Amino acid sequence: MTDAKMAPDKRGAAEQLPLAFEHGSATGRDDLLVSERMAAAVSIVDAWPNWPSPVVILTGPEGSGKSHLAQIFRDISGATDILPQPGEAASQAAANGPVLFEDADRKGFDEVELFHVINAVRQHGTTLLITSRSFPPSWNVKLADLNSRLKAATVVEIGTPDEELLGHLIAKLFADRQLYIDDKIVGYIVSRMERSFLAAQVVVDRMDRLALARRVKITRSLAAEVLETLAAADGTD
């Protein structure tokens, strides 16, 4: 078998029109794909609340699984999402229980507020998980006291995925869309795509939308067309 099978009871309506919508991903602990590059990050989340420091920072490229790990942290700890900005009561939340601050490098933060959040965590024995695409030194923090607190945090990196993990990820992304793709097509995609989590998401999304628009199955030729289009857009061969 070379084509992806579709579950008609769940995909029939969608095949009528390729609407732009977000496909829900399975985000439970059992749905997490673990490789050597994710092992440290998974271990630190699983170890909660027995962390080496009350503040943990997960870093990794876009689409690397930080959001999935953040959701697992919410599930096991009951963490409250915070934004360390004036008027957001972030430090009060940190004093009352575990807190989560996602995408620190993109959302930005008030340095004094984040300093107060970390102090509240330390003083009240709670925990803080921060996610970011970059390491704290690149945040250009000016407040010396906050820099000191960040240096004391446990920083865990999610590395670039290998081919095996990318293959599992692509299969999972298709499964989240009720598509079950042949291993040969997965291997074909992985051997020709950019080695990144974000690229895997983009490829799967493009293939799914194109298949829906044409009302065809997902095949190797469809994968080749999408990969060539993406390569041309990037100015690569």
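1. Buried means under 20% relative accessible area, exposed means over 50%, and partly exposed lies in between (1.4 Å probe, protein chains only). By that rule Leu128, Ile130 and Ser132, which point one way from strand S5, and Leu129 and Thr131, which point the other way, are all buried. In a regular strand the side chains alternate between the two faces of the sheet.

2. This is a predicted model, in which local features need pLDDT of at least 70 and side-chain atom pairs count only at pLDDT 80 or more, while totals for chains, interfaces and linings use all residues. Residues are numbered from 1 along each chain as its sequence is written, and side-chain values use heavy atoms, with hydrogens and water left out.

3. Helices (H or I, at least four residues) and strands (E, at least two) are DSSP runs, numbered from the N terminus.

4. Two strands pair if DSSP finds at least two bridges between them. S2 and S5 are paired in the parallel sense over 5 bridges, and the bridge partner of Val55 in S5 is Leu128. Strand S4 (residues 99-101) also runs parallel to S5, joined to it by 3 bridges. Here Val99 stands opposite Leu128.

5. Thr59 belongs to strand S2 (residues 55-59) and is buried, with a relative accessible area of 1%. Contact means heavy atoms within 4.5 Å. Leaving aside neighbours within four places in sequence, the contacts of Thr59 include Lys66, Ser132, Phe135 and Val156.

6. Rings of Phe, Tyr and Trp (its six-membered ring) pair if their centres lie within 6.5 Å; planes under 30 degrees apart count as stacked, over 60 as edge-to-face and the rest as tilted. The structure holds 4 aromatic pairs. One of them, Trp48 with Phe73, is edge-to-face, at 6.3 Å centre to centre and 85° between the planes. Trp48 lies in the loop between helix H2 (39-46) and S2, and Phe73 in helix H3 (residues 66-77), so this pair ties together parts 25 residues apart in sequence. Trp48 is partly exposed at 21% relative accessibility, whereas Phe73 is buried at 0%.

7. Phe73 also pairs with Trp51, and this pair is stacked: 5.4 Å centre to centre, with 20° between the planes. Trp51 is in the loop between H2 and S2, so the pair ties together parts that are 22 residues apart in sequence. Trp51 is buried, with a relative accessible area of 10%. Ring pairs link Trp48, Trp51 and Phe73 into a cluster.

8. A nonpolar core is a set of buried Ala, Val, Leu, Ile, Met, Phe, Trp, Tyr and Cys residues joined through side-chain atoms within 4.5 Å. The largest has 28 residues, and those with the most contacts inside it include Ile170, Phe174 and Met193. Helices H8 (163-176), H9 (183-190), H10 (197-214) and H11 (220-234) are the elements that give two or more residues to this core. Its largest share, 7 residues, comes from H10. A second, separate core of 23 residues includes Ile82 and Phe109.

9. Some backbone details remain. A cis peptide bond joins Trp48 and Pro49, with omega about 5°. Ala89 is not a glycine, yet has a positive phi of about 55°. Gln178, also not a glycine, has a positive phi of about 65°.
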